[in-house]
Amino acid sequence: MDADNEAKGKVSDQAMQNPQALAALQDKIDNVSHSASIMDSLPKSVKRRVNALKNLQVNSTHIEAKFYKEVHELERKYSALYQPLFDKRRNIVSGEVEPTDEECEWQSDHEDEAALAEDLKKKAAIEEKTEDANEEKPKGIPEFWLTIFRSVDMLSDMLQEHDEPILKHLQDIKVIFSGPDQPMSFTLEFHFEPNEYFTNTVLTKVYKMKSEPDAEDPFSFEGPEIIDCEGCEIDWHKGKDVTVKTIKKKQKHKGRGTARVITKQVPNDSFFNFFNPIKVSPDKELDEDSEYTLATDFEIGHFFRERIIPRAVLYFTGEALEDDESFEEEELDEGEEEDQDEEDEDDEEEGDSKTGDPQPAECKQQ
């Protein structure tokens, strides 16, 4: 019993330290209580009809699941149409292809070249030629993907200093969708040029998905969810594995009193741990830390697929970051307004209770 109480106490402490988990749990409890209280208050004949509506809702949920499966097929179809554009992006980034002058023309939001005076145009052209003559010409767009990793908070949190020289060799990231006759999944492919760190040219991460309502809780279905992921083995060159570090420990012989120094390899923080995710076993429950780590992993995989890969250049320039921040600020502003409205309502109620008219005698508590 003591062990059970201690375990419950630990779970309670962990929940208190995780406000989001606590809020989600409270919402679930409130929803269940609210639903039960409504159903309890209904006449038996009305309950029967409500149960009929819930069965209709279950059928609707199964149709929704089919809808998302067809959306996955559309994603796969259009992925093939996007791919030639992404291949050209890779070739420009790596320096294999030099874009034409026409392809490089871009109308800036802050300049209108048509409005420039002719003499200023000529002067600008001369200055540009002088700069081009003096400027070193790098190949492609150096550190394209590394710059994105540094800029995006979700990725920079994983990035360590010893990862950066390796990610300079990253040339492309692709997403591959599962075929029509395969279980729903998507694969992230990280393509590297030959380097001194590992022999792999491609590192992969497979995310397995489920788009079916849970038999026990069908109303929790909100579309496809990632249920598992698989990484790959990295063939590190000797002494180049950044996912481990070597430490030295002193060992003392109990009998002789002599000491010796031994070396030991221990795990090391690195982005490349991304390719060695936590294993999910159907027979074993994950602890809270593992669940959080896995949920974060799923979120990162989804972010690569939905945001980073399709809009890479905008994350490189920072324009996509500004859009993301604006969206977050709008959400925050709305939340603050709601909080302020609630505070104002509370103030009004408090003011009414202090300064309002006295209640009629028949309303007063006896």
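# Exercises: a sheet and its aromatic rings

In strand 3, Lys205 is the bridge partner of Leu188. The model is predicted: local features need pLDDT of at least 70, side-chain atom pairs count only at pLDDT 80 or more, and totals for chains, interfaces and linings use all residues. Residues are numbered from 1 along each chain as its sequence is written, and side-chain values use heavy atoms, with hydrogens and water left out.

**Exercise 1. Describe the open sheet and its edge strands.**

Step 1. Strands (E, at least two residues) and helices (H or I, at least four) are DSSP runs, numbered from the N terminus. Two strands pair if DSSP finds at least two bridges between them.

Step 2. Read the order. Four strands make an open sheet, 1-2-3-4, with antiparallel pairing.

Step 3. Find the edges. Strand 1 (170-177) and strand 4 each pair on one side only.

Step 4. Take the twist. From one strand to the next it averages 20°. Axes are lines fitted to C-alpha atoms, for helices over the stretch in contact; angles run from 0 to 180 degrees between N-to-C directions.

Step 5. Look inside the sheet. Strand 2 and strand 3 run antiparallel and are joined by seven bridges.

**Exercise 2. Classify the ring pair Phe198 and Trp236, and say what it ties together.**

Step 1. Rings of Phe, Tyr and Trp (its six-membered ring) pair if their centres lie within 6.5 Å; planes under 30 degrees apart are stacked, over 60 edge-to-face, the rest tilted. This rule gives 25 aromatic pairs.

Step 2. The centres of Phe198 and Trp236 are 5.5 Å apart and the planes are at 80°, so the pair is edge-to-face.

Step 3. Phe198 lies in the loop between strand 2 (185-192) and strand 3 (202-210), and Trp236 in the loop between strand 4 (225-230) and strand 5 (244-252), so the pair ties together parts 38 residues apart in sequence.

Step 4. Check burial (buried: under 20% relative accessible area; exposed: over 50%; partly exposed: in between; 1.4 Å probe, protein chains only). Phe198 is buried at 1%. Trp236 is buried at 19%.
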